[in-house]
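My notes follow, in the order I looked things up.

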Amino acid sequence: MAIKADSADELFPSLSKNLPSDEEVEITIIGPGYGESIILNIPGVGVGIIDSCQSRINDTNYVLPLEYLKYLYPDLDKISFLLLTHPHKDHYLGLDSILQYYRGNVQRVCWYAGHGTVELKKYLARERIAGYDKLEGFIPVLKAMEKAVAEGATGKKLTELTNVVMPTKVYTKNFGWVDTSILALSPSFDSERKYTEALFNSIAKTGEISVPIRDSALNRISVVLLIHFGQIKIVLGGDLEVELDEKIGWKRIYTCDEIPSINANIFKVSHHGSENGFYEPIWEELTKTHNTVGLIAPFDRTIEGLPTVEQIKVYQEVCDTIYITSSINNTDKLHRYYKKRIADQLRRDSSTWTVIDDGSAEVGYIRIWIKPDGEVSKIERSSNSIKL
Ligand SMILES: [Zn+2]
């Protein structure tokens with residue numbers, strides 16, 4: 001069955017055009033199986049985009065947060081902030097198109113602290129010469145972000161305890177004055193230092209072979225955000241992982257006295273629900289105080305996929321309700337796996353091969369509205385999403 005996706009109607013067939021009231025926070029997480037993007041609409045702050053992802057349908061790439069916003073907020077004339085948590089392809093694809101579409105109207109462009117743009121570009125060039133394309137399409141994103149800043153957007157390199165938006169008070173009819181802020185809780189000083197070291201070490205000297213930087217080294221500098229609006233606390237865990245070093249990753253967030261408590265109502269689970277993204281002490285604390293809702297964007301590019309069945313069980317124990325944006329299609333996953341393995345064996349490029357699709361263009365998403373007192377007033381989700 002051929003896919004027809006001429007508009008957001010087909011990408012988001014169950015998305016209602018209703019909008020939250022002017023005192024509700026709206027959070028939408030988009031996760032089609034590969035990629036993750038979060039769209040926030042906060043009264044008094046406006047619309048913010050955290051990471052981006054795409055769906056490729058009939059040779060056309062659809063930038064999903066952009067399609068979502070064009071459909072729901074066609075008259076939107078300003079983006080409060082656009083943010084990249086870390087330089088992984090499943091988080092940055094399409095950010096350049098968003099900046100192009102809202103050119104001149106993005107107030108803040110934020111990304112993780114942690115390099116040496118010059119070193120990173122050097123690294124990417126070497127990687128390409130060596131035949132790797134792990135960070136394919138990243139340079140246009142980096143350039144688009146730098147260009148937006150050059151054209152007047154406020155540029156922010158986020159590190160532990162940096163404000164994305166300065167704390168402010170918003171007046172609401174039913175709840176009076178409400179405090180709001182968006183604070184980055186990571187990367188820590190040591191995470192940034194270790195990442196930069198790894199980056200430098202991976203730049204091959206003349207005559208040496210370039211070794212790509214490890215995926216976990218890129219997750220090390222992932223931004224984690226704490227969003228605060230009245231009684232609402234939302235934590236967006238990025239792809240941050242647990243490491244041995246106490247000054248790095250989730251252990252740092254847990255042990256640093258200066259970092260506020262992250263007893264959130266809503267928790268975007270880290271790193272697609274992987275075992276490495278789970279730090280038990282934090283969840284133990286969460287379950288004591290809140291009926292936390294967990295949100296997971298899965299990752300379907302490995303044979304088993306993320307989250308694994310075992311890890312889902314762990315999250316079910318510590319979390320009141322969990323939503324996974326889309327089901328992981330095993331047939332499709334296996335198909336891709338074998339395709340890649342055969343291509344590797346034949347040493348051929350598999351990018352032009354056809355994958356048989358299941359006929360649906362529907363993009364997995366969860367959309368939540370919350371009042372300043374923490375009451376969830378609406379949850380809307382795609383038909384392929386899962387509630388646990
Ligand atoms: Zn990721």
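**Entry 1: a term I needed.** Two strands pair if DSSP finds at least two bridges between them. With that settled, I looked up Trp 369 and found that its bridge partner in strand 17 is Lys 378. I kept in mind that this is a predicted model.

**Entry 2: the whole protein.** I started with the totals. The protein has twelve helices and 18 strands. It has 388 residues, and 44% of them count as buried. Residues 24 or more positions apart account for 73% of them.

**Entry 3: confidence.** The mean pLDDT is 87, and 86% of the residues reach 70 or more. Residues 1–5 have pLDDT below 50, and this stretch has 13 contacts beyond near neighbours in sequence. I noted another stretch, residues 352–357, where pLDDT stays under 50. There the model has four contacts beyond four places in sequence.

**Entry 4: strand 16.** Is strand 16, residues 365–370, enclosed or open? Six of its six residues are buried, so the strand is largely enclosed by the rest of the structure. I recalled that side chains in a regular strand alternate between the two faces of the sheet. On one side I found Tyr 365, Arg 367 and Trp 369, and on the other Ile 366, Ile 368 and Ile 370. Both faces of strand 16 are covered.

**Entry 5: the partners of strand 16.** I looked at strand 1 (residues 25–30) next. Strand 1 and strand 16 pair in the antiparallel sense over six bridges. Glu 26 stands opposite Trp 369 here. Strand 17 (residues 376–381) is also antiparallel to strand 16, with five bridges joining the two. Strands 16 and 17 form a hairpin with five residues between them. I checked the turn, and Gly 374 there has a positive phi of about 95 degrees.

I followed strand 1 to its other partner. Five bridges join strand 1 to strand 2 (residues 37–42), and the two run antiparallel. Glu 26 has Asn 41 as its bridge partner in strand 2.

I returned to helix 2 (residues 64–72) to check burial. Seven of its nine residues are buried, so helix 2 is largely enclosed by the rest of the structure. Among the buried ones are Leu 64, Glu 67 and Tyr 68.

Entry 6: I found another open sheet of eight strands, in the order 9-10-11-12-13-14-15-18, with mixed pairing. Its edge strands are strand 9 (162–172) and strand 18 (386–387), each pairing on one side only. Strand 15 (residues 321–324) and strand 18 pair in the antiparallel sense over two bridges. Ile 324 stands opposite Ile 386 there.

**Entry 7: Leu 236.** I picked this residue from strand 12 (residues 232–236). Is Leu 236 buried or exposed? I counted 30 other C-beta atoms within 10 Å. The cut-off for buried is 20 or more, so Leu 236 is buried. Not counting residues up to four places away in sequence, Leu 236 touches Ile 38, Ile 50, Val 224, Leu 225 and Lys 268.

**Entry 8: helix 7.** I checked the length of helix 7 (residues 189–202). At 1.5 Å a residue its 14 residues should span 20 Å, and its end C-alpha atoms are 20 Å apart, which agrees. Its buried residues are Ser 191, Glu 192, Lys 194, Tyr 195 and Leu 199. Seen down the axis, the buried residues of helix 7 fall within an arc of 165 degrees, so they line one face of the helix. The face turned away from that side carries the exposed residues Glu 197 and Asn 201.

Methods
Residues are numbered from 1 along each chain as its sequence is written. This is a predicted model: local features need pLDDT of at least 70, side-chain atom pairs count only at pLDDT 80 or more; totals for chains, interfaces and linings use all residues. A residue is buried if 20 or more other C-beta atoms lie within 10 Å of its own, exposed if 12 or fewer, and partly exposed in between; C-beta atoms are placed from the backbone. Helices (H or I, at least four residues) and strands (E, at least two) are DSSP runs, numbered from the N terminus. Two residues are in contact if their C-beta atoms, placed from the backbone, lie within 7 Å. pLDDT is the predictor's confidence in each residue, from 0 to 100. The expected span of a helix is 1.5 Å times one less than its number of residues. The arc is that of the directions from the helix axis to the C-beta atoms.
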